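Hi there,

Have a look at it first, then read on.

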Amino acid sequence: MTALFDDRERAALAAALDARVPGSADLGAVAYVERLLTALDHDPPHLWAAPGPWAGAGPRWLELGPWERHAWAERVAEWRAVYRRVAAGAPEPADARVVHAHACEAAYGDPAYGGNRDGAGWARIGFPAPLFPPAGAR
Amino acid sequence: MTTADCDAVIVGSGPGGSTVADVLTAAGWSVVVLEKGRNHLVDLAPPHERLRHFANDEVAATRRHLLGPDPRLEPRTYRRSPADGDRLLTGEVNNLPSTVGGGGVHADAKLPRFREEDFRLRSARGPVDGADVRDWPLGYDDLEPHYAAVERAFGVAGEDGANPFAAWRSGPFPMPPGDDMPMALVSAKAAERAGLHPYRAPTGINSVAYDGRPACADCGFCAGYGCPVHAKGDPVASLQRALRSGRCDLRPDAYVTEVVRAAGGRRATGVRYLDLTGYPDPPVREVRAGRAVVLAAGAFETPRLLLRTGLGGDLAGRYLMVHFQTFTVGIFPGPTGGERGRSVTHLHDDLMIDTPGLRAAARAAGLPWLRGGVVEHGAGPGPLDEARTYPAGPAHTRSMADSALRRRLWAFTVQGEDLPQAGNRVDLDPAVRDVWGFPAGRVTYAPHRHELAASAHAAPLHEAVMLDAGAEVAFSATSPPQGDLDVHAEVSPLGVAPASRHVMGTARMGTHPATSVVSPDQRLWEVDNVLICDSSVFVTSAGYNPTLTLAALAHRAATLLCGGAA
């Protein structure tokens, strides 16, 4: 898989994500965004984490139907354009809403998606670890 | 079974459709169940075990449309009135899940019954200017056996005799109530001090192992999530029974586009659907049904299908009701413990009762009467939803640590009775289309002043209870919001369209075709082997979560359809 961003661009993304949710970069927000933008490079796509080992041995990611893949391909293409602009230091005003949403997801969503490293985002707000976590990329 | 050889085709696999499938297959009928969404619930191959697709995952459930519908594929539109133009917004509007199991999958499964008065509101309370309040063509006594049957089918936990205002019951709840959320005990005590009558909520979540499903583990991921262990009374049990009968063919990814009628139009012969497993050109398939077509796609998608097919006349889609929600939020000095538990464990019904206080409020508002709705004592959102609420920047970290809107939050939610108005409706958007080229459904909705007056009565009452319970601050908000929508569009996590997933009306039942879409047996007046078995048929909205009532109605209609005693 070709890397989407170089180190300089990743630094720009980290700054933008951190500006929305301070500390999100340390929690893995850039990795979260990169995994999201490359989710459809995998089969099944890395978009819906399957239940963890508590549910028995099974796939780590749930399958999407062809139309769901269609919708996500459109969405990811738009977000790639957003992050290209952000990485280039030339975001449009509407891009902030996308970056904010992803910074929140990276800081407080499940670690399966590449953010919230080791659950540190939850730890800093006192949110307990889930009883039935997803598998994903843990 | 072939695609052209079933007794009944059922459109939708939620609590209504799955109940119909369960009843009909038990009576020996063969059915095909068509579900627009994906299957995350039950293995289609024998022995039809429950699938394990759900986890405690806020990202998948709230941000990535795991339960569907994806608004990119199926946008909906909203406006308050024609004065807003063709639409005010495009995107998610009243989105119930589009998945096998439908709205039963995401709900936190509060399953109260309606009360006797709810079926004869016109007789009991009288008319209201600007609304079309009518009695239902059946009463609570007609429905009681079916309430009892679906309570057993879903598995409802509750406390007999706890609610002093409850309707009569022919038997006990199938299982005792589950564990109380600790903060609910605090808010319930405060409510009692205010003269209210809180009780443990009848809930379709196992308090003990039931029907081969485990007891709830109180993981805290309930409202808005599929249950990881199937302790929730979603339609999985009904669907499994139907599938295991060998007479049910469940087809996910099947988008029904039209009801097919025989020459002359008085009988339906089946439906056509797009097979969404095909991409990019999904094939059109047809299911021919020998006896009946049952529409159970919900009060948004069912009228959309009727309108596409030219059924239901001018009344199709009208009298949309959504429950006008009033949230009273208390911010407490310490954690409320809402991360665990079943989202809501206590309710009170006092605002549904004819009391001197409500009579006075009605008089002051120039209305003949007021009814609020059931009031849920419940927890706040998950951390991701909370995070998206706060403004960006340095204050975000402090806000999350302080967590006024999650960890220290407790809320009363009034599921406010929404009076039926002809102008509130679902119709077909004139320009916006779904990805398959069909007109998007459009909601036109504005509350009646009854709803606003009931909300204005409830808010200070509940704010006082919250403060008495120990909240430092209490405030109230409504959905849909009133006032400056531009402000709400920017800051409200609930958005400007009604956030309620309690969608009702749109194909109301009645005793005459001039004033209703379906008969008391839930048959379309114009094509009498087409039945509607979802909350579309509601005549009034009551102020109670609609799922148990729509399932009881579906149980009754299916029982009548296959020749059973009502």
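This is a predicted model: local features need pLDDT of at least 70, side-chain atom pairs count only at pLDDT 80 or more; totals for chains, interfaces and linings use all residues.

Helix 3 (residues 66-87) of chain A and helix 4 (residues 95-108) of chain A have axes that come within 10 Å and cross at roughly 100°. The two helices are therefore roughly perpendicular to each other, a label used for angles of 65 to 115 degrees, with under 35 counted as roughly parallel, over 145 as roughly antiparallel and the rest as oblique. Axes here are lines fitted to C-alpha atoms, for helices over the stretch in contact, and angles run from 0 to 180 degrees between N-to-C directions. Helix 3 of chain A makes the contact with A:W79, A:V82, A:R85 and A:V86, and helix 4 of chain A with A:D95, A:V98 and A:V99. Two residues are in contact if their C-beta atoms, placed from the backbone, lie within 7 Å. By class, that contact has five nonpolar, no polar and two charged residues; Ala, Val, Leu, Ile, Met, Phe, Trp, Tyr, Cys and Pro count as nonpolar, Asp, Glu, Lys and Arg as charged, and the others, Gly among them, as polar.

Residues are numbered from 1 along each chain as its sequence is written, and chains are lettered from A and ligands numbered from 1 in the order in which they are written.

Now the overall picture of chain B. Its secondary structure comes to 14 helices and 17 strands, where helices (H or I, at least four residues) and strands (E, at least two) are DSSP runs numbered from the N terminus. The radius of gyration of chain B is 22 Å, close to the 24 Å that the globule rule gives for 566 residues, so chain B is as compact as a globular protein of that length. That radius is taken over C-alpha atoms, and the rule is 2.2 Å times the number of residues to the power 0.38. Of the 566 residues of chain B, 61% count as buried. Buried means that 20 or more other C-beta atoms, placed from the backbone, lie within 10 Å of the residue's own; 12 or fewer makes it exposed, and in between it is partly exposed.

Next, the sheets. One open sheet in chain B has six strands in the order 5-11-12-13-10-16, with antiparallel pairing. Strands pair if DSSP finds at least two bridges between them. Strand 5 (199-200) and strand 16 (473-479) of chain B are at the edges with a single partner strand each, so one side of each has no neighbour in the sheet. Within this sheet, strand 12 (residues 373-378) and strand 13 (residues 409-416) of chain B pair over six bridges, and B:G373 has B:G416 as its bridge partner. Helix 12 (residues 449-468) of chain B packs on the sheet, touching strand 10 (324-331), strand 13 and strand 16, and its direction makes about 20° with that of strand 10.

A second open sheet in chain B has four strands in the order 4-3-15-14, with mixed pairing. Its edges are strand 4 and strand 14 (425-433) of chain B, each with a single partner strand, so one side of each is left without a neighbour in the sheet. The twist averages 30° from one strand to the next. Strand 3 (residues 76-79) of chain B runs antiparallel to strand 4 (residues 89-91), joined by three bridges, and parallel to strand 15 (residues 439-444), also through three bridges. Both faces of strand 3 of chain B are covered: B:R76 and B:Y78 on one side, and B:T77 and B:R79 on the other, are all buried.

One residue I'd point you to is B:W29, in the loop between helix 1 (15-26) and strand 2 (31-34) of chain B. With 22 C-beta neighbours inside 10 Å, B:W29 counts as buried. Leaving out residues up to four places away in sequence, B:W29 touches B:D7, B:A8, B:L24, B:R247 and B:C562. The C-alpha atoms of B:W29 and B:C562 are separated by 8.0 Å, though the two residues are 533 apart along the chain.

Finally, the interface: 38 residues of chain B are in contact with 43 residues of chain A. Helix 11 (394-402) of chain B gives the most to chain B's side, with five residues. That side divides into 20 nonpolar, six polar and twelve charged residues.

Best wishes
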